[in-house]
Amino acid sequence: MGDFKVSIIIPVYNREKYIERAINSCVNLPQTGEVLVIDDGSTDNSKQIIKNIAKKNSIIKYITHPDKKNHGRSASRNLGIINAKCEYISFLDSDDWYLPTRFQYEENIFSKDSTIAGVYGIVEVKFENDIAKEKYYNRFESNIIKVSDNISHQNLYKTFICGGYGEFQTNAITIKKYILNKIGLFPKNLDVCEDTHLWARITSKYKIVSNNNKLPISIQWVHQDNSIINNPYLWSNSYITMNYSLFKWALKQNDFEYDKKNDFFIGYKKLIPNENNLKTFTKFIIKNPKFLFNKYTIRKFVQLLKNPK
C-alpha cells in the first residue's frame, strides 16, 4: 500500500483567512502525493500566502488559469484534475480542512478491491460564529454529512437525484483519476450543484463505496460568507437546471435500462411538483425533440397516456 498517493485539489478565491489551515491539513498526511492549489483570480493576499507555504514544501503546486481571471469552482477543480499526477484524486474547499485519518480507510479499501472507483466518508460541519450556525440550521437539520448505511453502491446515484438517503460532501470523496477522464469533469455552467451533477453521473456507472468509518474525515467550516447559507434561491434554481441536465444525459446512456433512466426523470420531476408527469414530460420533449424517438421516451409516453398522473 506504499504506492497509494493522492493529488489533493484546492480551488481558492479570496480565502486569505483560511487557506493556510486548509493546506497544512494536507501536507503531513502520508498518502498525500501533491497539493494542487488553484488560484481562481484571487484579489486578496491568498496568492502570497500560498507561495510562501509552497517555498517550504515541494509537494505544494501553485496553479492559475492562463488569463489569471476568476472562472469558478468547476473550472478551477477541472484545471487541477488536468494537472494532477497521482492515480487518485481528492478535493478540499479552501475554507475547510482534512482530519489526520482522511485517507486511512480509503487506502486499505482500494488495495483490496480493484473494481472500486471511489470511496466516500463522513464530513462534520463546524461554525465560525452563532450567526453562521443559525443560518445553517435554517436550511439543514444536522451538522453531520453522510450517506445512509441502508443504500447499496448500485443505488447510490439515487441519493443525488431523488434524495432520501443523505449525501456525501466533495471534501470526503477519493476517486481514481481515470474515472474522471472517462465520465467527464465538473460542469462549468452551474454556479452551485456542480459537484452533485458529477457524483450523480459517476455513481450511476461506477462502484463508489463507503469507507465504513463512523467518524468524520474532514471538517466543513461554515462562516458568514458561505454561499450555502446566504443564497438559497441560487441553490433551488440550480437544482432544477442540474436535474434537467442529468435527465438529458441519462437518456443518452445506451447502457442504462429503462428503470435507471426513469429514476433520473423522477429526480427531474421531483423539483417541479405542481405539474403532472405528462405535462412535465411533454415540456421536456418540446425542448429536446431529438429524444422523441428514444426507446425510453416511447415507453414513458405510453405509460403516461394510460395514467397521466
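Leaving aside residues up to four places away in sequence, E275 touches K269, T280 and K283. The model is predicted.

**E275**
- E275 is found in the loop that runs between α11 and α12, the latter spanning 277–287.
- E275 counts as buried because its relative accessible area is 17%, which is under the 20% limit for that class.
- Between the C-alpha atoms of E275 and C26 there is a separation of 47 Å, and the two residues are 249 residues apart along the chain.

**K269**
- K269 has its place in helix α11, made up of residues 258–270.
- K269 is buried yet forms no salt bridge.
- The nearest side chain of opposite charge to K269 is that of E275, 7.4 Å away; a salt bridge would need a side-chain nitrogen of Lys or Arg within 4 Å of a carboxyl oxygen.
- The side chain of K269 does reach the backbone oxygen of E275, at 3.0 Å.
- Not counting residues up to four places away in sequence, K269 touches E275, N276, N277 and T280.

**Strand β7 and its partners**
- Strand β7 covers residues 122–127 and pairs with strand β11, residues 216–222, in the parallel sense over 6 bridges.
- Within this pairing, K126 stands opposite W221 in β11.
- β7 also pairs with strand β8, residues 144–145, here in the antiparallel sense over 2 bridges.
- V123 stands opposite I145 in β8.

**Residues with positive phi**
- Most residues other than glycine have a negative phi.
- N14 is not a glycine, yet has a positive phi of about 50°.
- N14 has its place in the loop between β1 (6–12) and α1 (19–27).
- N14 counts as partly exposed because its relative accessibility is 23%.
- N212, also a residue other than glycine, has a positive phi near 60°.
- The loop that holds N212 lies between β10 (207–210) and β11, and β11 is the strand that pairs with β7 in the parallel sense.
- N212 counts as exposed because its relative accessibility is 60%, over the 50% limit for that class.

Key:
Residues numbered from 1 in each chain as written. Predicted model: local features only at pLDDT ≥ 70, side-chain atom pairs only at ≥ 80, totals over all residues. Heavy atoms only, no water. Helix = DSSP H or I, 4+ residues; strand = E, 2+ residues; numbered from the N terminus. Buried < 20%, exposed > 50% of the residue type's maximum accessible area, 1.4 Å probe, protein only. Lys, Arg positive; Asp, Glu negative; His and termini not counted. Polar contact = N/O pair within 3.5 Å; in protein donor to acceptor, adjacent residues only side chain to side chain. Contact = heavy atoms within 4.5 Å. Pairing = 2+ DSSP bridges.
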